[in-house]
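Take a look at the structure below. This report walks through some of its helices, strands and single residues.

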Amino acid sequence: MRTKPRSLAVSLSILVAFGAGPARAHNARVHQPMTDFAYQVMRLAALKVPRVVARPGGISAQEWDDYLAAIDAAVPKLKVLPASLPTLPASRCVTDTPAWSKAATLGLLTRAVSAGYATSTDFDCGSEAGWSPGPVFEQHAGGTDYTGTGLGFWAQSIDDEVDDFHGWWKPTNFGGSAGKAKELASEGWDTGLGILLLPAVCFIDCVFGLFGSCDACVETAKQLSEGTNPVKNLEELMPGFGDWTGPTYTGLWHFINVRGGVSNEYDDRQGMLYEEAGPFGVPGAVDMAIMVVTDIGITINYQKSLGPKRYQISGATDSHPNTKHRDEGDWEMLSLGHTTFEPLDNLAYFGWRKFVADPAHSSRWLGWPLHALGDATVPMHVTGTTLWGHRPFEDAQERLYPSMVGAKLTPTTQEGLARSVLLEGFAWFRFVRSWQAEHGSAEVPVRDLVTALAKKTLAYSQDSQQLFWPYNDAASTEYLLTAKETATDQYIDHANAVELGRPLLFSGQGATIAFLAAAMEVVP
Amino acid sequence: MKRLTVVLALAAAACSTVPAEVRPLPDGGVELPVEDRLAEALAEAYREAAAAFLRGDRTPADYLATSRSISAQRRLLQSDGARLSAWSAGDEDHDLVPDDRDRCPGTERNRPVDETGCPIAVDPRSGPRDEDVRAVLARLGFMESKLCQGAPVPQVPAPLKYGYDNVTRETLAFAVTPVNNQPQGCVVFYEFRAVFIGGGSSFDTPNSTHRVVFHEKEATEKSQRLVFRVDANSADERLSVFTLMKYHSTYYLQVRAMNGAGLTSGWSALVPSALSFGEP
């Protein structure tokens, strides 16, 4: 292990916001409803709706009954888990007052919890107006069980764990000199806008001293700053220096690259490593731009970041090796483009172990494994890339979600979709049981579940790869450089977009059912 | 290899204590521990590779292969103490391969090498398109303000009202709560995002999103709330939003703040037009 490097105060404070939203994970409005939908299917199964729970051919009665019995037992246990919702300020509850404080458990929720419950500033008291479990669930199970929305809220909330990542620029990585760019800040020259705007390439020129002098670039920067509107679109600005954090970056811990040929240096699974990003072993254009820019010395800030402490695993009891531990010096040694982040299955395992160790079994802790199961259904998350169509694909999945789950279909038609998810769940539950039998353990193999789901996503994605679906790097570049909506529309308007995306979603919802059913077996 | 030295007085100023592994040198400087020297060498190698790409001397495939090569050499050095010691004793061509194992001394800088220090052929197809990477780099920028140094993440502003502020509908105004947790003089930008639902206009596609950004100095009211205005004389996205909000009946608006250090608040809740539209 390295000794701790000298810490010099970062004197520059420069913006940084990854233009393409490299690290933001699967959209909140997919994470939450996909979890809720899985819970609603469990309710339907517990109610023994005949066409839903009929045993399919080729499955023994013993196995099927074991599965349904686990679901039967899980549903009431989920409802008595602590909701653990944070208290909202009174100003948020102008138009509605669901009295969250009385909802000590998920089953006592009297309204659907919105995805923006904790982060929004709206006045609806954190409830989701117009929520419905879906036609088939309304018909058979009624629409007053909000347990799934509470679980879904925690599932999506992991993207808001902003303290998982803090980044900074370390002048020590320049041997103590940051060149002209540092001088600019200390000179304090300013413009009427109170900022200095530097083109990324110009800034790198200055730091690297590429052409002997960066004066020309500085002049360009001044012209930019003195322009009438230099900041047309904040998302076009790159991630910066000083202390930068936020929901854009938490997702750096939300990848698992299950493609072959990756380094697996610290764990038996590979997390985000830009060098190895991409479905075909080639990073996308913005992946590479991030590598280049961060080579000026942007690293994780270990002291401020929770991610390294949370997601490096020690004392593992699930047959997987512990993480090859990195200390502060190791984490800050390499710039972001060359830093290996801990993989998504470790993130799931962190939350799972917290859940098991918590005597109250707060539902909050389930958010980590549930989130991981959602991200493991995204082709880009399982190939460790922030590009290759990542954001437009996820935005499209969000827009197509109602169609995928048949939200506007008849109860009978949606019933068929619910059964499909239940059958997916059986396959994953069988996976759990097989693991337990093989290892002689009652442990829930959370890491194996996430990994297996990720592998299934990758295999499906590779088999389904067409010219523009699912991997499409040009869409990501377009999303950043020209038109977000147009890029997203490439996925929405793709032939059979719903049918192509649905298997990914259903597989994740099935895995969610299997996880929740198995997880509740550890709750007394 | 290059021996990194720093003047002891400067080292003492930067560190609360000088690490025990630091070795004093006759000239009054110190030699850093080998692990720290490796870290410096790695940072330099990655930086040089990036610089070569930015100069146009290397393709994306070259840069990627070189980066991977540097990482591969790092893994070898960190997993093999003897190799690390050998590297510490000498690496004349800076390829991170110890001289005593380097079968190809004098390798050109910023080229990928194998574990014996010999060049690796690069498949020119094994990287993204050069023009795409450069287009991204050219588009992105950094923003800084020294008055924002150490500033916290801005509070999430709340949209209050938005709409046309006179009967002739010549001016569209947005009212928002001000961010007040920033240091004196630290500039704050307000970015509004309007989502137009359902294609209520022939001027735009359904479900489109448009953004406008205002500098806080542009606000026409600055006490309890900030009010920003656009009109038919506005340009670019401001004109688009001005026009679209006239003809769309259903849209949502939200706002977020960013300071001059680049720290960005979360988005406010989406406020539907039916709730907040009215003369600000």
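## An enclosed helix

A residue counts as buried if 20 or more other C-beta atoms lie within 10 Å of its own. Keep that cut-off in mind, and remember that this is a predicted model.

Now turn to helix H14 of chain A, residues 367-375. Nine of its nine residues are buried, so H14(A) is largely enclosed by the rest of the structure. The buried residues include A:Gly367, A:Trp368, A:Pro369 and A:Leu370. A:His371, A:Ala372, A:Leu373, A:Gly374 and A:Asp375 are buried too. What do these residues pack against? Their partners are H1, helix H5 (147-157), helix H13 (344-357), helix H17 (446-464) and H20, which belong to chain A.

## Chain A in outline

Chain A holds 20 helices and three strands. Of its 524 residues, 59% are buried. Its contacts also reach along the sequence. Take the contacts in chain A between residues at least 6 apart in sequence: 80% of them join residues at least 24 apart.

## Two helix pairs in chain A

Two packed helices are described by the angle between their axes and the distance between the axes. Start with helix H1 (residues 28-46) and helix H20 (residues 497-519) of chain A. They pack at an angle of about 60°, and their axes are 9 Å apart. Angles from 65 to 115 degrees count as roughly perpendicular, and those under 35 as roughly parallel. On the H1(A) side, the contact uses A:Met34, A:Thr35, A:Phe37, A:Ala38, A:Val41 and A:Met42. On the H20(A) side, it uses A:Leu505, A:Gly508, A:Gln509, A:Thr512, A:Ile513 and A:Leu516. By class, this contact has eight nonpolar, four polar and no charged residues.

Next come helix H18 (residues 473-481) and helix H19 (residues 484-492) of chain A. Their packing angle is about 155°, with the axes 7 Å apart. Angles over 145 degrees count as roughly antiparallel, so H18(A) is roughly antiparallel to H19(A). H18(A) brings A:Ala475, A:Glu478 and A:Tyr479 to the contact. H19(A) brings A:Lys484, A:Thr486, A:Ala487 and A:Gln490. These residues divide into three nonpolar, two polar and two charged.

## A four-stranded sheet in chain B

Strands of a sheet pair through backbone hydrogen bonds, either parallel or antiparallel. In chain B, an open sheet of four strands has the order E5-E6-E10-E9, and its pairing is antiparallel. Which strands form the edges? They are strand E5 (159-164) and strand E9 (221-222) of chain B, each of which pairs on one side only.

Strand E10 of chain B covers residues 226-231. Two bridges join E10(B) to E9(B), and these strands run antiparallel. B:Lys222 stands opposite B:Leu226, and B:Glu221 has B:Val227 as its bridge partner. A hairpin of three residues links E9(B) to E10(B). E10(B) also pairs with strand E6 (residues 171-176) of chain B, in the antiparallel sense, over six bridges. There, B:Phe174 has B:Phe228 as its bridge partner.

Which side chains of E10(B) point to one face, and which to the other? They alternate along the strand. B:Leu226, B:Phe228 and B:Val230 point to one face and are buried.

B:Ala49 sits in helix H2 (residues 34-55) of chain B. Why does it count as buried? B:Ala49 has 26 C-beta neighbours inside 10 Å, so it counts as buried. Leaving aside residues up to four places away in sequence, B:Ala49 touches B:Tyr63, B:Thr66, B:Ser67, B:Ile70 and B:Asn110. B:Tyr162 is 113 residues from B:Ala49 along the chain, and their C-alpha atoms are separated by 50 Å.

B:Ser268 lies in a loop of chain B, between strand E11 (251-259) and strand E12 (271-272). Is B:Ser268 buried or exposed? B:Ser268 is buried, because 24 other C-beta atoms lie within 10 Å. B:Arg83 is 185 residues from B:Ser268 along the chain, with 54 Å between their C-alpha atoms.

Technical notes: Residues numbered from 1 in each chain as written. Chains lettered and ligands numbered in written order. Predicted model: local features only at pLDDT ≥ 70, side-chain atom pairs only at ≥ 80, totals over all residues. Pairing = 2+ DSSP bridges. Buried ≥ 20, exposed ≤ 12 C-beta atoms within 10 Å, placed from the backbone. Axes fitted to C-alpha atoms, helices over the stretch in contact; angles between N-to-C directions. Contact = placed C-beta atoms within 7 Å. Nonpolar A, V, L, I, M, F, W, Y, C, P; charged D, E, K, R; others polar.
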